[in-house]
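Here are my notes for your first look at this protein. Keep the picture open beside you and go through the points one at a time.

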Amino acid sequence: MILAEKIIRLRKQLGWSQEELAEKMAISRQSVSKWESANSIPDLNKIIKLADIFEVSTDFLLKDEYEANSYSDEPKPSNLNQVSLEQATQYVNSKIQEAALITKGVILSVCSAIPLFFFLAMAETQRMGITDDAATTIGLVCVLMLVATAVSFVIKTNQFKNETAAIENQDFELAYGVHSIFSERLAAYQPRYNRSLFIAISLFIFSFVPLIVVNQFFDTSGMVLMMIAVLLLMVSAGLFFIIPASTKLDAYNHILQDKGADTEQTKRNKRAEKLAAFYWPLLIAIFLGWSLWTMDWGTTWIIWPVGAILFAALVGLMELLEKPQNN
């Protein structure tokens with residue numbers, strides 16, 4: 001048996017794709033492909049490293065008379081849950097459906113205040129024959145109804161827990177070929193994610209422009225209240241793009257992190273996600289409370305750039321606090 005055949009057999013016994021072997025060898029997949037097709041031969045250092053990775057002797061790899069009789073074509077038994085291509089695909093589809101429900105819930109929560117601002121604006125401009133008290137009452141009722149509907153969407157996400165638990169809550173490894181397929185899918189999806197991210201960030205940034213312009217040039221309470229509703233709509237549009245896109249990207253990345261191995265980058269992302277989960281809703285509550293209390297929307301918007309800088313500082317502080325524990 002020649003070297004190329006031995007590399008193929010040993011790699012398949014371990015259930016690795018060419019990409020996975022290339023990653024362990026710190027080389028390109030094309031190099032592994034050339035070795036296995038006998039178009040090139042690894043140098044001595046690579047032979048030694050292959051022997052170490054496959055846990056065989058260099059003589060076994062180099063001498064044709066050594067056969068792999070002691071090996072079977074079956075992968076080595078593992079205590080980890082093995083995820084097939086069908087299971088991995090189903091996991092991603094379930095996460096996308098779950099994200100759709102979460103997106104509806106989050107958007108309704110953000111937009112829940114729009115009726116309140118709308119009716120307050122109508123009362124301020126004396127349109128629709130509505131008083132301030134009536135506007136507040138109707139607006140608050142609408143807020144409660146929309147929030148209740150939003151909560152119902154979030155509760156519905158529980159139906160996907162059983163479908164995703166095997167991958168999210170347990171260590172796992174991918175079946176042969178799954179890593180390669182999902183790496184290609186991730187690479188194909190990345191440009192679409194980048195576009196969605198760009199659109200969402202642009203909407204978040206420019207959502208404050210109408211409010212600032214109206215405050216500077218018109219300075220009427222009714223117009224300011226209407227622009228707050230526009231601001232919330234633009235933020236909601238940004239969330240419509242970013243939540244599904246980020247969920248799908250995270251699902252692909254989670255599948256590719258087989259064997260329960262969290263990279264350092266993944267750990268940083270998870271810490272940032274945990275912080276963001278309560279930081280941004282808290283910031284929104286502070287902004288709305290401060291603005292409604294003072295009605296000085298031309299000043300309170302400053303909380304957003306300050307809040308963004310503070311968020312980055314808090315993420316950095318979490319990294320510093322985490323390092324001593326890792327050491």
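1. Of the 327 residues of the chain, 38% count as buried, where buried means under 20% relative accessible area, exposed over 50%, and partly exposed in between (1.4 Å probe, protein chains only). The accessible surface comes to about 18,600 Å², and 61% of that belongs to carbon and sulfur atoms; such areas come from the Shrake-Rupley method with a 1.4 Å probe, and for residues only the protein chains shown count as cover.

2. Please remember what kind of model you have. It is a predicted one, in which local features need pLDDT of at least 70 and side-chain atom pairs count only at pLDDT 80 or more, while totals for chains, interfaces and linings use all residues. Residues are numbered from 1 along each chain as its sequence is written, and side-chain values use heavy atoms, leaving out hydrogens and water.

3. How many helices and strands are in the chain? There are 15 helices and 2 strands, taken as DSSP runs numbered from the N terminus (helices are H or I with at least four residues, strands E with at least two). Among contacts (heavy atoms within 4.5 Å) between residues at least 6 apart in sequence, 74% join residues at least 24 apart.

4. Now the confidence. pLDDT is the predictor's confidence in each residue, from 0 to 100; its mean over the chain is 79, and 82% of the residues reach 70 or more. Among the elements, helix 6 has the highest mean pLDDT (90) and helix 13 (residues 264–294) the lowest (66). Over residues 259–263 the pLDDT is below 50, and this stretch has 10 contacts in the model beyond near neighbours in sequence. For residues 68–77 the pLDDT stays under 50 too, with 20 contacts beyond four places in sequence. Where pLDDT is low, the predicted coordinates should not be read in detail.

5. Next, look for K95 in helix 6 (residues 85–111). K95 is buried, at a relative accessible area of 14%. Not counting residues up to four places away in sequence, K95 touches T164, E168, T247 and A251. The side chains of K95 and E98 are joined by a polar contact of 3.3 Å (a pair of N or O atoms within 3.5 Å; within protein, one must be able to donate a hydrogen and the other to accept it, and residues adjacent in sequence count only if both atoms are side-chain atoms).

6. Is F160 buried or exposed? F160 counts as buried, at 6% relative accessibility. Leaving aside neighbours within four places in sequence, F160 is in contact with S94, Q97, E98 and L101. The C-alpha atoms of F160 and Q97 are separated by 8.4 Å, although these residues are 63 apart along the chain.

7. A26 sits between helix 2 (18–25) and helix 3 (29–36), and its phi is near 60°, a positive value in a residue other than glycine. A26 is exposed, with a relative accessible area of 64%. A38, in the loop between helix 3 and helix 4 (44–54), also has a positive phi, of about 65°, although A38 is not a glycine. A38 is partly exposed, at 49%.
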